[in-house]
Amino acid sequence: MQLDFRLVDVFAERPLAGNQLCVVLDVPESLDPGLMQAVAKEIGFSETTFVTAAKGDRYRMRIFTPGRELPFAGHPTLGTAFVLVSEGRVTSPAVQEVAAGEIPVEADARRGFARMRQLPPEFDEEFPDRERAAAAAGLGPEDLHPELPPQVVSTGLRQLIVPVRDADAVARAAMDPPTLGAVVEHAGADGFYLFAPTEEGAKARFFGPGVGVDEDAATGSAAGPLGAYLAARGFSGPIVVRQGEEIGRPSVLHVDVTGTGGDWQVTVGGGVFTVGGGELDLPD
């Protein structure tokens, strides 16, 4: 079986930056999920998507990290939408169908930009063990933000949002895998999103060893919850989140939260570049 694929950089201001994505096209609905998982591991990016249907203003896909399938993820959503719109396979705006639900998306091929409206935010109780949360990132309790608490927030994936004092603390962070894994599991989260407030929004890093991603270059499924987290604490207006510098993939995520407490709409967008493509030769 031969399947076409595209390589794209998402949340990027130029090619060969941002977060890498492989988009596999025209995938049979009956394709063995184990084979999809093996392809994702072979590609080795943080996520690979498999488009099983695309027509009109809708498409359906599955998302795999090298370690497991995800119900939703941010840069796979934008990158896949961009490829499908750029190649005339769907129109924009469109609706993406994934395990987590239906995600409205828009892509502008000429501008090189895509955005999505994520699911309504859900908030857990604040995470009580600040010292353990800091240790998971190789930091001390004094590095955590004195007023903002860690908390799990979801707009499609449950992310533990961990605020620190400043951008230097974010840059100094060094994941302690056993501690971080235990913290994420205890919180019932999918990942650990460390951030510091900045004048334009935030500097952030994402750690997710439980999903097969030690550190992610750009995490739309965490930037959305971060925007909701800040909105719940009175921070209003669009923000810019910078991520990925520490692993050599500088990324820029544009986040906007509108509405009020019970009716927030979370939008996340960024630049997208198609950088290559080819054909997979898979066993039948």
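Asp26 is exposed, with a relative accessible area of 52%, where the cut-off for that class is over 50%. The model in which this residue sits is a predicted one. Asp26 belongs to the loop between β2 and α1 (33-43). Its backbone is also worth a look: phi of Asp26 is positive, about 55°, although the residue is not a glycine.

Phe11 lies in the loop between β1 (2-10) and β2 (19-24). Phi of Phe11 is near 60°, again a positive value in a residue other than glycine. In accessibility, Phe11 has a relative value of 0% and therefore counts as buried, since that class takes in everything under 20%. Asp26, by contrast, is exposed.

The next backbone feature concerns a peptide bond. Between Ser92 and Pro93 the bond is cis, and its omega is near 5°. Pro93 is part of the loop between α2 (74-86) and β6 (94-98).

Strand β15 (residues 239-243) runs antiparallel to strand β16 (residues 251-258), and five bridges join them. Within this pair, Val241 is opposite Leu253 in β16. Strand β16 also pairs with strand β17 (residues 265-281), likewise in the antiparallel sense and over five bridges. Here His254 faces Gly269 in β17. β16 and β17 make a hairpin, with six residues between the two strands. In the turn of that hairpin, Gly259 has a positive phi of about 95°.

Rolling a probe the size of a water molecule over the atoms shows where empty space is left. For this model, the count is one cavity of 30 Å³ or more. The largest cavity holds about 130 Å³ of space. Its lining is made up of 20 residues, and those closest to the centre are Glu47, Leu70, Phe206, Thr219 and Ser221.

Which elements supply at least two residues each to the lining of the largest cavity? They are α2, β14 (213-216) and α6 (220-232). Helix α2 gives the most, with three residues. Sorted by class, the lining of the largest cavity has nine nonpolar residues, eight polar ones and three charged ones.

Key:
Residues numbered from 1 in each chain as written. Predicted model: local features only at pLDDT ≥ 70, side-chain atom pairs only at ≥ 80, totals over all residues. Heavy atoms only, no water. Helix = DSSP H or I, 4+ residues; strand = E, 2+ residues; numbered from the N terminus. Buried < 20%, exposed > 50% of the residue type's maximum accessible area, 1.4 Å probe, protein only. Pairing = 2+ DSSP bridges. 1 Å grid on protein atoms, 1.4 Å probe; cavity = no way out; pocket = protein on both sides within 12 Å on 5 of 7 lines; lining within 4 Å. Points joined across faces, edges and corners; volume = space filled by probe spheres on them. Nonpolar A, V, L, I, M, F, W, Y, C, P; charged D, E, K, R; others polar.
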